[in-house]
Amino acid sequence: MAHDSSDRGFDLKAMLRDERFWKIAFQVITLVVVILLLSFFLGNLNRNMIQQGKTFGFGFLRNPAGFSIGESAIKYRPNDPYWRALGVGLGNTLTLVTAGIALTTLVGVAAGIASFSKNWLLYKISRAYVGLVRNIPLLLQLFFWYFAIYGTLPKPENQIHFFDLAYFNNRGVYIPWPGTAVLALLGIAALGVGAIAAYYLWRWRTNIRIDRGTGGLPQTLALASLGLGLLLFLTLGMKWTIPHGVEGGGVTGGLRLSREYVAALSALVFYTSAFVAEIVRAGIQSVTKGQWEAARSLGLQPGLVMRLVVFPQAMRVIIPPMNSEYMNLTKNSSLAFAIAFPEIYSVATTTYNQTGRPVEVFLILMATYLILCLIITLVMNQLNRAVQFKER
Amino acid sequence: MTPVTPNSFASGPPALIGLGPIAWAKKNLFSDWFNSLLTLIIVAIFSWGLWRLGSWALTMAQWPVIPNNFGLFMTGTYPPALYARIWVLLAIICALAGLSWGVLARNVSILFSRNVRLGLAAIGAFIVLFPPTRPSALKLLPLVALVAAMAAVGRQGGRRFPGVGKWISLAWFLSYFVALWLIGGGLGLTRVSTNDWGGLLLTLLAAISGIALCFPLGLLLALGRRSALPVVRWLSTAYIEVVRGVPLVAFLFMGQVMIPLFLPVGSRPDRVLRAVIALALFSAAYLAENVRAGLQAVPRGQREAAMSLGLNTPLTLGLIVLPQALKIAIPAIVGQFISLFQDTTLLSIVGLAELLGIGRSVLANPAYLGRYAEVYLFLAVIYWVFCYAMALGSRKLEEKLNTER
């Protein structure tokens with residue numbers, strides 16, 4: 001550090017050759033350009049808003065919305081404020097997304113594993129499904145489900161039914177459902193808690209049997225009683241209502257899923273599952289051949305090879321891209337507005353049309369989807385940590 | 001489901017040599033009771049579905065909706081008096097495509113091999129037999145002949161002047177502006193308002209413009225996110241993450257409303273331009289992530305070796321890192337282009353009459369009420385063909401660039 005700049009004077013040429021100078025200069029230039037661009041855009045925004053006589057603010061959310069919403073999970077009347085209308089939209093988005101993620105996981109994993117089937121037909125069908133669905137735009141598929149499939153179901157007068165358990169007509173699909181929303185949530189929660197408890201009981205039982213070579217009867221009994229208890233609660237304790245066809249058309253009881261909801265759900269699940277199937281396929285292919293052979297040489301049956309050896313290892317490769325597929329599904333759920341399903345984007349558009357506040361509405365939308373995506377990422381990261389290699 | 005080791009079919013179809021059809025069926029369809037049951041169930045469902053579909057397509061479906069509106073599907077409400085310009089454009093593209101094919105295949109001994117001849121004959125037969133294209137067969141058949149002729153010319157030219165490939169790339173680049181001029185008019189041609197651009201023409205134009213705009217932007221963002229300079233890195237990361245958190249439809253719709261708000265008072269860029277800009281800004285964030293994955297896959301030693309040879313940062317990136325990174329990222333990048341192509345369907349939501357939008361306005365015509373399945377199936381076939389061709393092209397490119405064999 002003996003250099004003294006006052007001695008040598010200011011050497012411009014040396015500075016221009018110095019990479020450290022350019023690193024800082026480049027960042028300063030970038031920052032200045034971005035700030036200039038932003039101030040240009042925001043200044044224009046300000047002038048445009050002044051010209052239109054508007055000021056930035058979210059106060060309009062407390063004004064009465066004045067439009068009705070076709071279906072809602074929470075109570076809503078047209079003279080409720082805008083924030084409540086947006087809440088209804090968010091609720092509809094959430095019902096679509098949660099059902100979509102659950103079904104997509106099932107269908108996608110099944111389709112992915114099917115491409116490893118020994119059965120030539122099943123393998124070909126799985127490949128054809130992926131090749132067909134991934135190359136057709138989702139919006140087109142959505143219209144196809146809504147207009148060409150659910151739209152051509154018969155009128156309520158000659159509706160079709162499935163063993164008197166589910167009814168289909170061009171107004172929607174009717175399925176059995178627990179008596180109250182609280183019971184439905186309770187049932188789902190019980191199922192989740194029960195599954196986790198069963199998993200740990202099973203591990204406990206396996207550990208005991210490995211340690212002692214025998215025993216584990218109390219755990220087996222506990223598992224059986226847990227299963228029985230859950231079964232009893234789910235069948236008898238939930239006050240199931242079964243849809244009944246009414247003479248002359250229409251359905252009473254059960255849960256009505258509107259045609260918009262069913263079409264949006266079908267399109268989202270059908271489309272996203274094809275991508276999930278490819279992810280699962282790539283994940284399974286990433287497990288080395290030796291693992292399959294070692295598992296089989298231990299005498300494991302083909303089903304067990306997949307369940308105990310291959311799939312747990314494939315999970316490591318599968319989980320990270322699944323995160324982005326779930327986020328895609330969440331964001332794509334906004335397309336449901338094109339078939340008039342009142343999810344949050346649709347409500348937001350109506351709000352914008354009525355209030356003429358594009359910036360505020362866009363910020364709300366952006367924040368909503370960012371938070372939803374963040375939640376998915378957090379959950380998936382936890383899951384990812386659980387399945388990663390535990391290297392010692 | 002009965003799993004088998006992946007490698008038993010990973011490379012191409014199973015070896016059928018020495019396996020009669022009965023033995024093949026026994027091995028692949030009826031190996032045990034579970035498989036046999038599965039096969040029977042699938043066959044039953046499939047034959048029922050095919051029978052239903054066939055009877056619908058042959059008896060109930062009313063196909064005239066497609067040939068009667070074929071012009072609309074292809075070019076939207078473009079004035080028919082000016083169709084000649086579209087034909088000229090098509091001829092230019094066919095000539096360039098033929099030339100490129102010929103130059104790329106200059107080392108092949110027989111250009112018009114049996115497969116190529118069969119393919120050309122199939123295309124010709126399709127043009128004559130397919131009802132919507134039959135009326136313009138007299139224009140389409142010469143175009144096919146033009147492709148073949150230019151391919152022969154290109155092969156000869158490519159052999160004589162090895163550097164001709166660069167000029168063809170330049171010609172493709174220029175053809176984009178010629179296309180804009182031919183479609184939109186100006187400079188001596190009658191102007192056609194963008195409101196009259198539509199159908200497949202608009203879909204392709206929006207997709208190509210979107211791809212051309214989003215590629216450089218995505219590249220810069222990816223480099224920015226990997227940069228050692230904190231300010232650049234933070235800005236790029238913020239842009240990428242915010243854009244990836246918003247659905248495209250919100251981006252497009254608000255783009256239509258907000259781009260005018262962010263520009264000086266009174267200026268209002270064209271609707272199509274606004275939509276393409278929103279599409280490109282959106283796709284660039286996703287593309288940046290694909291390119292970043294490619295950049296991360298290039299070993300650190302490559303950059304260090306380049307630096308130690310005395311290359312500065314731009315040269316290191318341009319000559320050493322990016323060529324390798326882009327090669328690795330090709331499948332993902334093409335995948336992103338495919339989804340950009342599919343995303344152009346969302347332009348119909350913001351009121352542009354691209355292929356899906358024109359399909360919806362045809363369906364709104366009382367004469368074709370309820371012909372949903374026919375129109376949507378037809379559109380699905382068009383989209384599928386384009387997306388599949390892109391995927392196929394990407395696979396070929398990947399094989400061609402694979403230097404590790």
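Where in chain A is the place of Ala340(A)? I looked this up before anything else. Ala340(A) sits in the loop between α11 (302–332) and α12 (344–355) of chain A. I note that this is a predicted model.

**Entry: Ala340(A)**

I checked the backbone of Ala340(A) and found a positive phi of about 65°, although the residue is not a glycine. I then asked how open its position is. Ala340(A) has 13 C-beta neighbours inside 10 Å, so it counts as partly exposed; the buried class would need 20 or more.

**Entry: Leu187(B)**

Leu187(B) lies in the loop between α9 (164–184) and α10 (199–226) of chain B. I counted 7 other C-beta atoms within 10 Å of Leu187(B), which is therefore exposed.

**Entry: the strands of chain A**

I followed the strands one by one. Strand β1 (residues 160–162) of chain A pairs with β2(A) in the antiparallel sense, over three bridges. Within that pairing I noted His161(A), whose bridge partner in β2(A) is Tyr167(A). The hairpin of β1(A) and β2(A) has three residues between the strands, and there Phe163(A) takes a positive phi near 50°.

On to the next pair. β2(A) also pairs with strand β3 (residues 172–175) of chain A, antiparallel and over three bridges. These two strands form a hairpin with two residues between them. Across this pair, Phe168(A) stands opposite Val173(A) in β3(A).

Which residues of strand β2 (residues 166–169) of chain A point to one face and are buried? I found Tyr167(A) and Asn169(A) there.

**Entry: helix α3 of chain A**

I took the span of helix α3 (residues 19–51) of chain A. The helix has 33 residues and reaches 47 Å from its first C-alpha to its last, close to the 48 Å expected at 1.5 Å a residue. Is α3(A) largely in the open or buried? The number of buried residues among its 33 is zero, so α3(A) lies largely in the open. Just after α3(A), I noted Gly53(A) with a positive phi of about 70°.

**Entry: chain B as a whole**

The C-alpha trace spans about 65 × 55 × 50 Å along its principal axes. Of its 405 residues, 28% count as buried. Among contacts in chain B between residues at least 6 apart in sequence, 75% join residues at least 24 apart.

**Entry: the domains of chain B**

Chain B is divided into domain 1 (63–75 + 198–405) and domain 2 (79–191). Their C-alpha centres lie 24 Å apart. Five residues of domain 1 of chain B are in contact with four residues of domain 2 of chain B. On the domain 1 side, the elements that give two or more residues are α4 (65–68) and α5 (70–75) of chain B. α5(B) gives the most, with three residues. By class, that side has three nonpolar, two polar and no charged residues.

**Entry: where the chains meet**

**Entry: nonpolar cores**

The largest nonpolar core has 139 residues, and Leu142(A) and Ala264(A) touch the most other members. Helix α9 (residues 259–285) of chain A gives the most to this core, with 16 residues. The core also draws at least three residues from each of domain 1 and domain 2 of chain B.

I listed the contacts of Ala264(A), leaving out residues up to four places away in sequence. Ala264(A) touches Leu96(A), Leu142(A), Ala336(A), Ile339(A) and Phe341(A). A second, separate core has eight residues, including Cys94(B), Leu99(B), Leu143(B) and Val147(B).

Definitions and conventions. Residues numbered from 1 in each chain as written. Chains lettered and ligands numbered in written order. Predicted model: local features only at pLDDT ≥ 70, side-chain atom pairs only at ≥ 80, totals over all residues. Buried ≥ 20, exposed ≤ 12 C-beta atoms within 10 Å, placed from the backbone. Helix = DSSP H or I, 4+ residues; strand = E, 2+ residues; numbered from the N terminus. Pairing = 2+ DSSP bridges. Domains from an automatic or database assignment. Contact = placed C-beta atoms within 7 Å. Nonpolar A, V, L, I, M, F, W, Y, C, P; charged D, E, K, R; others polar. Core = buried A, V, L, I, M, F, W, Y, C linked by C-beta atoms within 7 Å. Expected span 1.5 Å × (residues − 1).
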